[in-house]
Amino acid sequence: MTITKPHWKAAAEAKRQSILDLIPGKWRVKEPVPPPSELRDVTAGYIQQSLNARELEITETDAVGIIEHTTSGQWTAVEVTEAFCHRAALAHQLVNCLHEIFFDAAVEDAKKLDAYFSEHKKPVGPLHGLPVSLKDQFHVKGVETTMGYVGWIGTFQGKKDDPRQGAFESELVRELRACGAVLYCKTSVPTTLMAGETENHIIEYTWNPKNRFLSCGGSSGGEGALIALKGSPAGFGTDIGGSVRIPAAFNGLYGLRPSSGRIPYEGAANSMDGQNTILSVIGPLAATVPDLKLLFKAVLSQQPWYHDPLAVELPWRDDLEQETLALIKESASKPESLAFAIMRDDSTVRLHPPVARGIEIIVQTLHRLGHKVIEWNPPPHTEAYDIASRAYSMDGGADVSEHFALSGEEPVKPVMLETGLPQKTASEIAALNIAKREWQKKYMDYWNSTAKLTGTGRPVDGVFCPPAPHAAVIPHKSAPVGYTSFLNTLDYSTVVIPVTRADKTVDVPYTGDNFYSEIDKKVQAEYDAEIYDGAPVSVQLFGRRFQEEKMLTLAEYIGAEVVKHR
């Protein structure tokens with residue numbers, strides 16, 4: 001008896017195969033990839049063996065270094081683009097990180113950049129010839145956007161015969177092109193976007209390239225995995241509950257979650273569009289802080305506030321960057337001129353041993369530098385978690401249910417959204433917004449109160465905390481995202497800083513029986529020192545709203561000092 005597959009499964013498989021078919025035969029992985037039991041980390045040595053010396057030189061260079069070569073004419077945009085297209089193709093075959101491939105169009109764009117440089121002897125813009133990858137929420141002309149939904153295949157955000165299909169570009173895409181960036185691929189996301197891991201029926205599961213037993217995180221998981229494999233020098237994700245920071249942390253990268261309005265969201269696809277209690281924001285991921293600055297400053301140079309009604313008219317502030325650099329310089333002779341706070345856990349879920357060690361490395365680094373360090377004891381974060389949870393479920397799951405229904409596909413677990421819940425009334429939404437504002441005010445007052453403890457005459461310069469209770473997580477065992485979502489509730493500027501990697505010989509399991517809750521007990525039981533071995537460990541550094549220049553400058557400083565610690 002012949003068993004007929006549901007239409008959505010056949011459609012998902014066809015789309016998955018179409019992505020593979022766009023990889024040139026010469027770039028196909030010829031031999032079966034060794035299983036994780038034989039090769040956990042495919043970033044160090046394995047992917048490199050399929051690249052020639054020139055491709056290695058280009059793709060092992062960070063974004064700032066690439067720009068130095070492309071804007072001076074030492075490297076052509078075409079050779080840089082082709083090198084990253086090759087490496088991205090390899091990355092996808094290793095960990096399933098791409099949703100869309102448009103290498104041919106990228107090479108044609110690169111040829112135009114080279115022709116411009118040849119004629120005018122100058123670059124098009126600050127990102128001239130830099131390949132930039134994008135999470136599959138951004139619309140690019142001639143390229144599909146599925147956002148992981150089978151029902152979006154062949155449509156514009158689920159709508160058939162929409163004139164925007166294949167002809168529309170998101171505002172960020174327009175600005176990147178104006179800066180001279182080369183767009184060449186879009187990366188994988190979890191269906192609905194609301195998950196700390198990346199899985200959908202189209203590309204299935206996206207693995208962590210530094211430990212293929214583990215998840216790459218979500219929802220900008222494909223971005224994190226691709227950049228970790230250096231299939232992209234830098235890219236953009238989005239973050240409504242941790243979706244830039246969790247993949248950055250899980251893949252050992254730097255990631256920026258700016259305050260809402262600094263990077264234009266206009267024209268990007270999204271889940272729960274119109275939910276404005278907690279706004280999703282766009283942020284860059286890269287291997288270094290200078291790379292984050294490069295992308296962030298380039299976008300701001302395009303004055304997005306003239307093109308996105310929600311963008312804030314706030315150019316890059318050199319004065320704030322210089323003020324912060326002056327504090328860092330002063331701290332060389334007067335260490336107490338900088339003050340930081342440490343949040344060791346959120347009193348809800350304890351940290352796995354590798355993450356606890358990562359926080360301790362930060363504490364030791366700050367003490368070694370002589371900076372003032374205080375403990376962070378803010379208003380209970382459970383209030384923020386509750387506010388975020390209610391905001392995410394405002395429509396009762398109606399939006400995601402509608403998009404699942406387009407194809408009849410089954411929801412992929414885990415997702416943070418429940419369906420079939422009652423939708424909130426206008427009065428309930430108003431009350432939620434009031435609760436958010438009041439909690440933000442309590443947090444603000446607490447932050448101000450630390451001026452009495454720092455000895456600098458001002459509140460703390462930044463706060464360090466974990467991005468999650470675990471390092472890159474075992475599939476389908478993500479803990480709640482409270483360590484990141486409270487910062488979305490506050491809308492604070494946050495940077496992820498890589499610190500170390502899990503070590504089974506050092507990070508032994510917790511053997512006590514003192515737990516905050518049943519969830520805490522469950523999370524602790526899921527720590528496996530053998531499986532987690534080698535997983536990246538990171539921290540978050542956060543400041544107040546619109547403090548991106550200060551947080552990036554401090555993150556670069558502390559990140560360099562952490563390397564010295566290692």
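Modeller: Happy to, and we can go through those topics one at a time. This is a predicted model, in which local features need pLDDT of at least 70 and side-chain atom pairs count only at pLDDT 80 or more, while totals for chains, interfaces and linings use all residues. Residues are numbered from 1 along each chain as its sequence is written, and side-chain values use heavy atoms, with hydrogens and water left out.

Biologist: Let's start with helix 9. How many of its residues are buried?

Modeller: 10 of the 12 residues of helix 9 are buried, so the rest of the structure largely encloses this helix. Buried here means under 20% relative accessible area, exposed means over 50%, and partly exposed is in between, using a 1.4 Å probe and protein chains only. Helices are DSSP runs of H or I with at least four residues, strands are runs of E with at least two, and both are numbered from the N terminus.

Biologist: Which ones are buried in helix 9?

Modeller: They are V289, D291, L292, K293, L294, L295, F296, A298, V299 and L300. At the start of helix 9, T288 has a side-chain oxygen that comes to within 3.1 Å of the backbone nitrogen of D291.

Biologist: And what distance does helix 9 cover from its first C-alpha to its last?

Modeller: Helix 9 (residues 289–300) reaches 16 Å, close to the 16 Å expected at 1.5 Å a residue. The expected span is 1.5 Å times one less than the number of residues.

Biologist: What about the span of helix 14?

Modeller: Helix 14 covers residues 426–449, and its 24 residues should span 34 Å; the end C-alpha atoms are 35 Å apart, which agrees.

Biologist: Which residues of helix 14 are buried, and what covers them?

Modeller: L432, K436, W439, Y443, Y446 and W447 are the buried ones. Their cover includes helix 12 (381–392), helix 15 (451–454) and helix 16 (482–490), along with strand 10 (372–375), strand 11 (462–465) and strand 13 (536–542).

Biologist: Now helix 17. Where do its buried residues sit around the axis?

Modeller: In helix 17 (residues 518–525), the buried residues are D520, V523 and Q524. Seen down the axis, they fall within an arc of 100°, so they line one face of the helix. That arc is taken from the directions from the helix axis to the C-beta atoms.

Biologist: Which residues are on the face turned away from that side?

Modeller: E518, K522 and A525 are the exposed residues there. At the N-terminal end, S517 caps helix 17, with a side-chain oxygen 3.4 Å from the backbone nitrogen of I519.

Biologist: What does N211 touch?

Modeller: Leaving out residues up to four places away in sequence, N211 touches R40, I531, Y532, D533 and A535. Contact means heavy atoms within 4.5 Å.

Biologist: What does the side chain of S280 make a polar contact with?

Modeller: The side chain of Y265, at 2.7 Å. A polar contact is a pair of N or O atoms within 3.5 Å; within protein, one must be able to donate a hydrogen and the other to accept it, and residues adjacent in sequence count only if both atoms are side-chain atoms. S280 is buried, with a relative accessible area of 13%.

Biologist: Last topic: where is T511, and is T511 buried or exposed?

Modeller: T511 is in the loop between strand 12 (494–501) and helix 17, and T511 is exposed, with a relative accessible area of 77%.
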